[in-house]
Amino acid sequence: MPAGISSQYGFLYQRYVFIKTVLDNIGVDRFFVYEGVDDIDISEVDGIMSITAPNNTFVQVKSGIISKECWAKVLGNWLLTDERNSAYRVILENELPFDINDEETLSSICDYFLAGKTMRSTSIAHKVYKKYINGKDSPEDGFKAIILHLLNKVSCIVLPLETLKTEIEGSFKNVYCQDIVIFDMAKTCGFERFIEYVKSDIDASLEKKKSYTLRYQSFVNIINRVTAEISDHKYTINT
């Protein structure tokens with residue numbers, strides 16, 4: 001697959017993962033960021049104080065086949081977030097070709113970051129080396145313990161694209177199409193319109209070189225818009 005097509009496919013996959021993440025976790029006190037600290041951020045807001053709670057979930061999205069070096073960079077990104085109470089999740093299109101807890105994998109990751117000493121200063125490996133390894137006593141053993149502690153907060157979920165799309169469609173129809181009882185096609189049209197609106201909002205933010213944030217009220221507004229446009233008795237063409 002040409003590199004350009006592969007990159008675009010990765011963005012497509014990430015959008016679907018974002019939509020599934022929203023549908024699976026939506027709540028009044030929760031908001032979602034596309035291309036925030038991570039590929040996808042899930043954050044909670046204290047309803048009384050109106051401040052962001054310290055229990056974020058950071059999600060990395062990876063299509064294609066993931067190498068150990070790519071996995072090391074994923075862990076490096078998380079090590080640099082400084083979010084101690086956070087959870088970490090990686091959504092994969094394919095199974096990892098290695099065991100993340102295997103001793104050989106752990107040694108490979110440690111070696112990658114130890115080599116960060118001589119890499120360019122803007123690289124993830126160098127930043128991790130400088131923060132966690134440089135000047136430390138027994139740096140390799142201590143750093144391996146840090147990696148193991150991080151892995152205890154990581155969950156890996158494998159979702160091929162077609163499975164991902166099927167689950168999204170099922171979730172949307174089951175929860176947000178209960179008023180449609182005559183024409184099943186109207187449910188499909190409503191689902192497609194919902195996807196269209198979320199993707200459009202993401203693109204609008206990216207055009208401004210900004211992250212896209214979806215809050216509960218914005219989500220409800222999209223659902224209400226779709227419901228008003230598509231039902232058993234009405235189909236409004238989106239212009």
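Modeller: Gladly! Helices here are DSSP runs of H or I with at least four residues, and they are numbered from the N terminus. Just after H4, Gly-135 has a positive phi of about 80°. This is a predicted model, where local features need pLDDT of at least 70, side-chain atom pairs count only at pLDDT 80 or more, and totals for chains, interfaces and linings use all residues. Residues are numbered from 1 along each chain as its sequence is written, and side-chain values use heavy atoms, leaving out hydrogens and water.

Colleague: Thanks! How are H4 and H5 oriented to each other?

Modeller: Take lines fitted to C-alpha atoms over the stretch in contact, with angles from 0 to 180 degrees between N-to-C directions. The axes of H4 (residues 124-133) and H5 (residues 139-151) come within 11 Å and cross at roughly 105°. Angles of 65 to 115 degrees count as roughly perpendicular, so H4 and H5 are roughly perpendicular.

Colleague: Which residues of H5 does H4 meet?

Modeller: Contact means heavy atoms within 4.5 Å. From H4, the partners are Val-128, Tyr-132 and Ile-133. In H5 they meet Pro-139, Phe-143 and Ile-146.

Colleague: And where do the buried residues of H4 lie around the helix?

Modeller: Buried means under 20% relative accessible area (1.4 Å probe, protein chains only). In H4 that applies to Ala-125, His-126, Val-128, Tyr-129, Tyr-132 and Ile-133. Seen down the axis, using directions to the C-beta atoms, they fall within an arc of 165°, so they line one face of the helix.

Definitions and conventions:
Helices (H or I, at least four residues) and strands (E, at least two) are DSSP runs, numbered from the N terminus. Angles under 35 degrees count as roughly parallel, over 145 as roughly antiparallel, 65 to 115 as roughly perpendicular and the rest as oblique. Buried means under 20% relative accessible area, exposed over 50%, partly exposed in between (1.4 Å probe, protein chains only).
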